[in-house]
Amino acid sequence: QVHLVESGGGLVQAGGSLRLSCAASGSIFSINTMGWYRQAPGKQRELVADITSGGSTNYTDSVKGRFTIYRDNAKNTVTLQMNSLKPEDTAVYYCNAGLLVRGNWNNYWGQGTQVTVSS
């Protein structure tokens with residue numbers, strides 16, 4: 001089986017920082033793009049940031065300059081460093097990865113981790 005396990009969510013005051021980590025494990029032959037999505041109550045899930053296997057990054061406009069995504073290909077991990085957090089960043093954050101497993105590429109999701117930013 002393949003798992004994406006997230007950690008690092010929690011409650012923080014506005015202006016604070018949190019770091020989310022995600023580790024992929026299982027029978028993984030290769031990993032393509034890894035990323036973080038978030039879903040706030042009553043809203044659709046949206047891309048926050050992603051990073052290709054070559055290290056190219058992409059951020060949604062609202063987090064540019066505040067969030068940084070990076071990955072460790074040797075450890076199959078992706079991390080989202082979130083600084084200058086705002087109440088509107090409150091959401092459940094999901095790790096996502098394109099994984100080559102048993103000859104097939106598929107999209108996998110973590111279970112989600114809650115981030116709450118108080119004003």
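Y93 touches E6, L20, W36, Y37, R38, V48, F67, L80, M82, G112, T113 and V115, leaving aside residues up to four places away in sequence; contact means heavy atoms within 4.5 Å. The model is predicted, so local features need pLDDT of at least 70 and side-chain atom pairs count only at pLDDT 80 or more, while totals for chains, interfaces and linings use all residues. Residues are numbered from 1 along each chain as its sequence is written, and side-chain values use heavy atoms, with hydrogens and water left out.

Y93 also belongs to the largest nonpolar core, which has 31 residues; W36, L80, M82 and Y93 have the most contacts inside it. Such a core is a set of buried Ala, Val, Leu, Ile, Met, Phe, Trp, Tyr and Cys residues joined through side-chain atoms within 4.5 Å. Buried means under 20% relative accessible area, exposed over 50%, and partly exposed in between, with a 1.4 Å probe and protein chains only. At least two residues of this core come from each of β3, β4 (30-39), β5 (46-51), β7, β8, β9 and β11 (113-118). Strand β9 gives the most, with six residues. Strands are DSSP runs of E with at least two residues, and helices are runs of H or I with at least four, numbered from the N terminus. In soluble globular proteins, nonpolar side chains tend to be buried together.

Next comes the sheet. Four strands form an open sheet in the order β1-β3-β8-β7, with antiparallel pairing. Strands β1 and β7 (67-72) stand at the edges with a single partner strand each, so one side of each has no neighbour in the sheet. From one strand to the next the twist averages 15 degrees, where axes are lines fitted to C-alpha atoms, for helices over the stretch in contact, and angles run from 0 to 180 degrees between N-to-C directions. Two strands pair if DSSP finds at least two bridges between them.

The covered face of β1 (residues 3-7) holds L4 and E6, and its uncovered face holds H3, V5 and S7.

A disulfide (a pair of cysteine sulfur atoms within 2.5 Å) joins C22 to C95, with an S to S distance of 2.1 Å. C22 lies in β3 and C95 in β9 (residues 91-101), so the pair ties together parts that are 73 residues apart in sequence. The link is left-handed, with -80 degrees about the S-S bond, and both C22 and C95 are buried.

R38 meets E46 with the closest N and O atoms 2.7 Å apart, and D89 at 3.0 Å, N to O. R38 lies in β4 and D89 in the loop between β8 and β9, so this pair ties together parts 51 residues apart in sequence. R38 is buried, with a relative accessible area of 5%, and D89 is buried too; E46, at 34% relative accessibility, counts as partly exposed. K64 forms a salt bridge with D61, the closest N and O atoms being 2.9 Å apart. Salt bridges that share partners join R38, E46, R66 and D89 into one network.

How values were computed:
Salt bridge = Lys/Arg side-chain N within 4 Å of Asp/Glu carboxyl O.
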